[in-house]
Amino acid sequence: MNIFPVSASTFSGDIDGLFWLVTTLVGFWFILSELLLFYLIFRFRRKKGVKAQYIAGESRKEMAWIFVPLFFVILCDISIDLRTHSVWQKIKETLPQATEKVRVIGQQWTWVFVHPGPDGVLDTSDDIETVNELHVKVNTTTHYELQSRDVLHNFSVPVFRLKQDAIPGRAITGWFEATQTGEYDIQCAEMCGIGHGLMGARIFIDTQEQYETWMAQEIQKQQNYVASK
């Protein structure tokens with residue numbers, strides 16, 4: 001059974017692996033402690049003619065019940081920390097060289113995306129601006145520049161396992177590399193106001209040919225708009 005959404009980025013498998021590691025270790029100790037708790041409740045339940053015994057927990061045998069599990073729990077914590085650090089370093093601290101760039105702007109309650117035009121450079125006259133529709137190329141390292149025009153938002157692409165806060169007054173750079181084509185959800189994962197639930201968008205992961213076709217259509221729309229003025 002696959003409980004995750006489609007995996008469509010180069011680092012989504014690392015996030016899924018981290019999830020399973022935490023779930024397995026925490027689940028193991030939860031089940032073990034609950035089984036032990038109910039066993040002790042049943043084993044030492046009140047019995048007629050048997051006087052209760054006060055245990056101070058000072059003997060070596062009694063202290064072993066505390067420190068032996070504690071030792072193994074700490075080992076589990078260390079293994080989670082080591083794995084988390086390596087995944088964080090790969091996704092957040094390493095910025096591979098960009099092949100493409102896009103600007104992502106959150107505002108109440110929509111997403112605005114600025115794509116570079118045919119010159120491949122942002123902030124030039126051929127930029128293509130879209131609302132709630134992001135286009136990227138498959139197998140291409142893309143840098144995103146994330147901004148907010150009003151309040152705190154969160155740029156979330158579930159199929160990438162990507163979540164990043166958009167903070168007013170800051171431009172945050174991150175990256176992703178899509179691994180398969182398709183059309184998927186973009187969400188705001190931060191409660192940003194009364195219209196938060198409506199702040200959804202779509203990401204289109206295109207082949208090179210699909211991307212060029214889309215760009216040509218957008219350029220034609222812009223030219224038609226200018227001509228109609």
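Me: Where is Gln-89 placed?

Reply: Gln-89 sits in helix 2. Helices (H or I, at least four residues) and strands (E, at least two) are DSSP runs, numbered from the N terminus. This is a predicted model, where local features need pLDDT of at least 70, side-chain atom pairs count only at pLDDT 80 or more, and totals for chains, interfaces and linings use all residues. Residues are numbered from 1 along each chain as its sequence is written, and side-chain values use heavy atoms, with hydrogens and water left out.

Me: What is the relative accessible area of Gln-89?

Reply: It is 37%, so Gln-89 is partly exposed. Buried means under 20% relative accessible area, exposed over 50%, partly exposed in between (1.4 Å probe, protein chains only).

Me: And how many residues apart are Gln-89 and His-196 in sequence?

Reply: They are 107 residues apart in sequence, and 31 Å apart in space, C-alpha to C-alpha.

Me: Back to helix 2. How many residues does it have?

Reply: Helix 2 (residues 60–93) has 34 residues. From first C-alpha to last it reaches 46 Å, close to the 50 Å expected at 1.5 Å a residue. That expected span is 1.5 Å times one less than the number of residues.

Me: Where does helix 2 bend?

Reply: At Ile-66, by about 25°, and Pro-69 follows within four residues. The bend is the angle between axes fitted to the seven residues ending there and the seven starting there.

Me: Which residues of helix 2 are buried?

Reply: Cys-76, Ile-80, Val-87 and Ile-91. The buried residues of helix 2 pack against helix 1 (12–43) and strand 8 (172–177); contact means heavy atoms within 4.5 Å.

Me: New topic. How many disulfides are there?

Reply: Zero in the whole structure. A disulfide is a pair of cysteine sulfur atoms within 2.5 Å. For Cys-192, the nearest cysteine sulfur is that of Cys-188, 3.9 Å away.

Me: Is Cys-192 buried or exposed?

Reply: Cys-192 is buried, because its relative accessibility is 5%.

Me: Last thing. What is the volume of the largest pocket?

Reply: About 590 Å³. A pocket is an open set of points on a 1 Å grid over the protein atoms alone, with protein on both sides within 12 Å along at least five of seven lines; lining residues have an atom within 4 Å of a point. Points are joined across faces, edges and corners, and a volume is the space filled by probe spheres set on them.

Me: How many residues line the largest pocket?

Reply: 15 residues line it, and Leu-40, Arg-43, Phe-44, Gln-53 and Ile-55 lie nearest its centre. Helix 1 and helix 2 each supply at least two residues of that lining.

Conventions
On a 1 Å grid over the protein atoms alone, a cavity is a set of points where a 1.4 Å probe fits but cannot get out, and a pocket is an open set with protein on both sides within 12 Å along at least five of seven lines; lining residues have an atom within 4 Å of a point.
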